[in-house]
Amino acid sequence: MNYETIDHIRFNDGADGVIILDQTCLPGTERYVCLTSLEEMAEAIRSLQVRGAPAIGIFAAFSLAALAKKDPADSASGILSRLRDAGDALASTRPTAVNLSRAVRRMLDVAGTCDGMTADALRDRLYREAMTILQEDIAMCRAIAGHGLTLLREGDGILTHCNAGPIATSKYGTALGPILLAAEQGMHLRVYADETRPLLQGARLTSWELQRAGVDVTLICDNMAASVMKQGWVQACFVGCDRIAANGDTANKIGTSGVAILARHYGIPFYVLGPSSSVDLSLANGAEIPIELRPEEEIRSRWYAEDMAPASVPCYNPAFDVTDHDLITGIITENGICTPPYGQNLPDFVKK
Ligand code: MRU
C-alpha cells in the first residue's frame with residue numbers, strides 16, 4: 001500500500017456526510033465512519049477520530065459544506081445563521097491548532113458573500129471552498145517535504161514526536177513529508193518515533209504510516225529520546241506544529257519542548273515543519289497560544305485493562321506545549337526554511 005493512496009477525509013456531491021478514517025481505531029482496524037450530524041462532527045474532532053492541525057481544518061470545512069447540503073432551506077440566507085452556529089460549535093472543539101478556527105472562518109466568510117443567492121449557489125460555493133482548502137494543503141505539504149528533504153543525507157537518523165504525517169494533513173504530512181519523499185526517491189533514513197504519551201499518536205499512527213511506506217522506523221518511549229540522541233543515532237529532529245506565534249514560539253504535541261531541550265543539549269538541529277496556515281502572526285509569543293486541557297482519564301486509565309493510578313489522584317493533561325523559539329533551528333513552511341530571527345523573518349514565509 002502506498003501512503004499516497006490514504007484517502008482519510010472524503011466528501012463529494014453525492015455524500016450524506018463526511019467520511020473519515022477513524023484514527024482512534026488505528027493501527028488495529030482501518031475503519032471508515034460517515035458523520036452526518038453537527039454533533040457527530042464536533043465529537044469526531046474532540047475525540048481525535050480525526051486529528052492533526054491541518055486535517056481538522058480540512059474536516060471542519062467539509063463538515064460545513066455537508067451541513068449546508070443537508071439543510072432544507074431554499075435560500076442562502078435561510079442556511080446562513082445555522083451555518084454560523086455550526087461553525088462556532090466546530091471551531092470551539094479544540095482551541096490550540098489555529099488551522100481549525102481559520103478554516104471555519106474562511107468558510108463562513110465565503111458563505112457570507114452568498115447572502116441573497118439561492119441555497120444551491122451557497123452549497124456549491126462552500127463545496128468548492130472546502131476543496132480549495134484541501135488542494136492548498138496538499139500543495140503546501142508537498143512543498144514542505146521538498147524543502148525538508150534538502151536537509152537530509154543518506155543514512156541519517158531523524159527523531160519525530162506525535163504524528164505529523166498524511167493522516168494529520170492531506171497528503172505527505174509535514175514532519176513526515178521529507179521522510180516519505182525520501183523513501184519515494186529510494187533514499188534510506190532511520191526514523192525514531194516517540195510513542196507520545198498519553199494518546200500514543202507516535203506508536204499508533206506514525207509507526208503505522210511509516211511502516212506502510214517502507215520506512216525504517218523504530219518506536220521508542222518518550223523517555224528514551226535522550227538515550228538515542230546520546231548514542232549519536234539522531235542527526236535531526238523533525239516535528240509538526242499546531243500554532244506558531246510571531247516570534248517563532250511553537251505549540252505542538254505535549255512533550256515536543258522536551259525533545260527540543262534535549263536536542264539542544266546534544267547539538268542536534270531541531271526543525272518545526274508546518275504550513276503557513278499554522279502560523280499565527282496575530283500572537284506575539286507562545287504565552288498567548290491557548291493550550292487545550294484534556295480529560296484526566298487519558299493518563300490514568302486509557303489503554304489499560306485496569307486503572308494504572310489511584311482513581312482519586314489528580315492528573316494534569318495539557319495536550320500541547322510551547323517550544324521556545326530559541327530552541328528551534330528552522331521553521332519549514334511551503335515557502336522555504338525560515339531561520340532566526342523569527343520575529344523578523346517569519347512574515348516572509350507566510351502565505352500572503
Ligand atoms: O492532538 P493531536 O493528535 O491532534 O496533535 C497533533 C500534533 O500535535 C501534530 O504534531 C500537529 O497537529 C501537526 S500535524 C501536521
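Which helix and which strand each supply at least two residues of the lining of the largest cavity? They are helix 2 and strand 9 (250–253). This is a predicted model, in which local features need pLDDT of at least 70 and side-chain atom pairs count only at pLDDT 80 or more, while totals for chains, interfaces and linings use all residues. Residues are numbered from 1 along each chain as its sequence is written, and side-chain values use heavy atoms, with hydrogens and water left out. Helices (H or I, at least four residues) and strands (E, at least two) are DSSP runs, numbered from the N terminus.

**Cavities**

- The structure holds three cavities of 30 Å³ or more; a cavity is a set of points on a 1 Å grid over the protein atoms alone where a 1.4 Å probe fits but cannot get out, and lining residues have an atom within 4 Å of a point.
- The largest cavity has a volume of about 230 Å³, a volume being the space filled by probe spheres set on the points, with grid points joined across faces, edges and corners.
- Of the 27 residues that line the largest cavity, R51, G52, A53, N163 and D242 are the closest to its centre.
- Helix 2 gives the most to this lining, with three residues.
- The lining of the largest cavity has 12 nonpolar, 10 polar and five charged residues; Ala, Val, Leu, Ile, Met, Phe, Trp, Tyr, Cys and Pro count as nonpolar, Asp, Glu, Lys and Arg as charged, and the others, Gly among them, as polar.
- The second largest cavity has a volume of about 50 Å³, and its lining includes R197, K253, R294 and E298.
- The lining of the second largest cavity divides into five nonpolar, two polar and four charged residues.

**Largest pocket**

- About 360 Å³ of space lies in the largest pocket; a pocket is an open set of points with protein on both sides within 12 Å along at least five of seven lines.
- The largest pocket is lined by 18 residues, of which R102, R106, E136, M140 and S277 are the closest to its centre.
- Helix 2, helix 4 and helix 5 (119–149) each supply at least two residues of the lining of the largest pocket, and helix 4 gives the most, with five.
- By class, the lining of the largest pocket has eight nonpolar, four polar and six charged residues.

**Helix 2 with helix 4**

- The axes of helix 2 (residues 53–70) and helix 4 (residues 98–112) come within 7 Å and cross at roughly 30 degrees; axes are lines fitted to C-alpha atoms, for helices over the stretch in contact, and angles run from 0 to 180 degrees between N-to-C directions.
- Helix 2 and helix 4 are therefore roughly parallel to each other (angles under 35 degrees count as roughly parallel, over 145 as roughly antiparallel, 65 to 115 as roughly perpendicular and the rest as oblique).
- Residues of helix 2 including A53, G57 and L64 meet residues of helix 4 including N99, A103 and M107; contact means heavy atoms within 4.5 Å.
- The residues of the contact of helix 2 with helix 4 divide into 11 nonpolar, two polar and no charged.

**Helix 1 with helix 2**

- Helix 1 (residues 38–46) and helix 2 pack at an angle of about 180 degrees, with their axes 11 Å apart.
- That makes helix 1 roughly antiparallel to helix 2.
- L38, M41, A44 and I45 of helix 1 make the contact with I56, F59, S63, A66 and L67 of helix 2.
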